[in-house]
Protein chains: 2
Amino acid sequence: MKTLLYEQIVADIQAQVASRSLRPGDKLPSLRTICERYNVSQTTALQAYYHLEAKGLIESRPRSGYFASEWTDKRFPIPCVSAPSGAGAASVNEVITRVYGDMGRSGAVPFSMGMPALELLPVAKLNKGLVRATRSLPGSGLEYEQVQGNGNLRNQIARFYGRAGQGMTGEDLVISNGCMEALSLSLMAVTQRGGTIAVESPVYFGILQLAQSLGLKVIELPTHAQTGVEIDALKKVVSSQKIDACLLVSNFNNPLGSCMPDAHKQEAVRLIQLYGVPLIEDDIYGEVYFGADRPRSCHSFDDSGLVLWCSSVSKTLAPGYRVGWVTPGKFKKQVINLKLYHTITGATITQEVIAGFLETGRYAHHLRKLRQTLHANSLRYAGAIAEYFPEGTRVSRPEGGFILWVELNQRIDTVALYDRAIRQNISIAPGNMFSLQDQYRNCIRLSYGMPWDKNIEMALKKLGQLIAAG
Amino acid sequence: MKTLLYEQIVADIQAQVASRSLRPGDKLPSLRTICERYNVSQTTALQAYYHLEAKGLIESRPRSGYFASEWTDKRFPIPCVSAPSGAGAASVNEVITRVYGDMGRSGAVPFSMGMPALELLPVAKLNKGLVRATRSLPGSGLEYEQVQGNGNLRNQIARFYGRAGQGMTGEDLVISNGCMEALSLSLMAVTQRGGTIAVESPVYFGILQLAQSLGLKVIELPTHAQTGVEIDALKKVVSSQKIDACLLVSNFNNPLGSCMPDAHKQEAVRLIQLYGVPLIEDDIYGEVYFGADRPRSCHSFDDSGLVLWCSSVSKTLAPGYRVGWVTPGKFKKQVINLKLYHTITGATITQEVIAGFLETGRYAHHLRKLRQTLHANSLRYAGAIAEYFPEGTRVSRPEGGFILWVELNQRIDTVALYDRAIRQNISIAPGNMFSLQDQYRNCIRLSYGMPWDKNIEMALKKLGQLIAAG
């Protein structure tokens, strides 16, 4: 899937907005200028401006042309680099159980949700795919799938990700029950009970719970809200102590939104190769990029088979289908055996539907729309937070994904804030869910995966008031 | 689901055949006699005889009435009680990989197969169920299901199994990715690496592989081909040493076909309660009974919450749907957490389809037909083995399931036999796959899950010749 002409124009103007070389209210180049500068047709130039307008980055004024939108102006600074204090063992389960238990019941505005809203997913097309799959599969999907997973699905994944520089074939992949099982199988393959892994901090709580359930110690590393794990810290930990695996969410990390630059990915891969430490890469958000190109994976820089690249369609297409995968590299035999022993294989039919969605280009088409919507959301949500939250707030500025990390005044306890917010029918994820060190008590994770509307804006305003009343 | 009138008549006559009080060629009571004896209508009596005829147990002769069929006569004796030698650690993986690798490729007659043939499954009805599920589910099944599993599915399972004496509600169940994940979650919940579990011998190899992958030692117990695990042996092991869990396939055990009598189940439950040892009960074959009533589960005798009852629809309805379940009893919280940490939840849509299949009575209807076919198959396959295999062979006589355990002359090595058979396009499961003690080398497991036809008969004849040439 190569970058289309209009996408390059969109990406360039986005970059100017991000760098502030294009300020709110500034006039944009005329369509004619764009045509000349990029050597494109008027139609292509218009398509680019339509996209930018749909994202809310620019607006057209009758008889005056296009202008950078006003509302993107005010922004809070991004959070500082995290400073985890070492290995911790606080239990995060209680608050997690509360947040997700409440969410199921309450009908609250689900800022704590870990997936994009259903309205953003291609429900009807997937349903058609299901019917097609009952016809294309021998036995309509009643038979056991191969342990390694649907062959066509594996080939389609290999082809799809080939464009982002990841050379692989279907044979290099193992299909899993979502990305979580990919992480579970990978950890079981490369670690032993009592071992130690290194992760970003803050980090998705599911990773902490999984590690604890496997009897692993977790070292949390300082992490930058834009560039991800601090490479010096990573180097120090892999070179100075016995680490059984690193587990990094390389692109649009949950909850920080950070994306490791290529140079960091390359260096991380060099380090883990040098010290022979497997790197489990969780790349579940990589497809939701707002720039021109998909960010590369650490896996694309690896030639040693030590990077176990894990992903799924759960955050972009069909959470309930439970289709994920891993490239187990050197650990292929162990991972396939573990899959067989613990669950035999995944559901047959949902794998076939996803294979078809990839093969026909429907996934690529859907992702273009999803990215546009989520990018616009990210700016609108961040704009509203800048407007309604108290001064001193810091907000991440993710270039992909659907999650904001919000750092509030140090004296705010977001577990208490959670209780006040849920009474107002607003569900947030308190920051201390994302560490075993009882840190980030003044932070919250906010999803911008719900379509922007007045309700969302009012909920953010109310949340800002609750914080201010703090 | 109560026993219908005709089913009682069928069961009584089956029992007479089994006990040899009705011998091949014997004339059966006239329909009029049946009507009087059971106080039923002529239609019901006819229905019973039709069923017995469909099973191949009786045949009608024009103007003479009904007679017990000839071909059920010759039968080999059942295998002796197994005598495992203690704890073993042989690797069973190599031969398993070979058998199932070959099966995928070869197109051989799959006597080694672990599921009934597709022809016996209600493919079209399940496909309709899928379309219905896309309509009944909010989000057409794209959203994450509850970690514990689809609420309606859990309620329907509770209702369905209530009839077999198992009092439970949907709240007592956790849905898993097939029965294998139910066993995996259960073992992870009640054991620690380095612990010990007690199982039947021979035992399904997947249980041995799972236990080894979790770092558990396995004690194999002597087991009777009709009555299952020897209760004295079970008592000795739970009373004299530290056992972390027992794992028993109580009904129509794979591969022996044994079914524990109620008194044994009751005693097993008393023992594990007395010594506080959790019992993981694999009851995946219990629905495929050939008698009048479903055999009870150990779980139905338990009031302590120590019996984790595991089952699925993989052996009766839809292997590729990956829908299984467990009643985790005392360990509910741990099992739900483990499910969440390792795979979050199962596929949403296949759970909804199975819920609908149970709710509408389609599952009960399908099972009636499946049982009839498999019962007839069991007699036909066993008859052919008696005809074509050498004297000295012993064959299990299962009262349910779809698997025969065949004990050959001691000097036959069935791994070598496997190689000769696969060259003739016949796939068998060598006996030593079912123990960690390199035992049962003179045994094979044969599935009778394929519809009986001339090809199957010829394959059994050829197999008999290969054994005789041994």
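How many bridges join β13(A) to strand β14 (residues 403-407) of chain A? Two bridges join them, and the strands run antiparallel; two strands are said to pair if DSSP finds at least two bridges between them. Helices (H or I, at least four residues) and strands (E, at least two) are DSSP runs, numbered from the N terminus.

This is a predicted model, in which local features need pLDDT of at least 70 and side-chain atom pairs count only at pLDDT 80 or more, while totals for chains, interfaces and linings use all residues. Residues are numbered from 1 along each chain as its sequence is written, and chains are lettered from A and ligands numbered from 1 in the order in which they are written.

**The sheet of chain A**

The open sheet has four strands in the order β13-β14-β17-β16 (chain A), with antiparallel pairing. Its edge strands, each of which pairs on one side only, are listed here.

| Edge strand | Residues |
|---|---|
| β13 (chain A) | 394-395 |
| β16 (chain A) | 429-430 |

Within β14(A), A:V406 is the bridge partner of A:V395.

**A helix of chain B**

Helix α14 (residues 414-423) of chain B has B:T414, B:L417, B:Y418 and B:A421 buried, where buried requires 20 or more other C-beta atoms within 10 Å of the residue's own, with C-beta atoms placed from the backbone. Seen down the axis of α14(B), these buried residues fall within an arc of 110°, so they line one face of the helix; the arc is that of the directions from the helix axis to the C-beta atoms. After α14(B) comes B:N425, which has a positive phi near 65°.

Note on methods
Buried ≥ 20, exposed ≤ 12 C-beta atoms within 10 Å, placed from the backbone.
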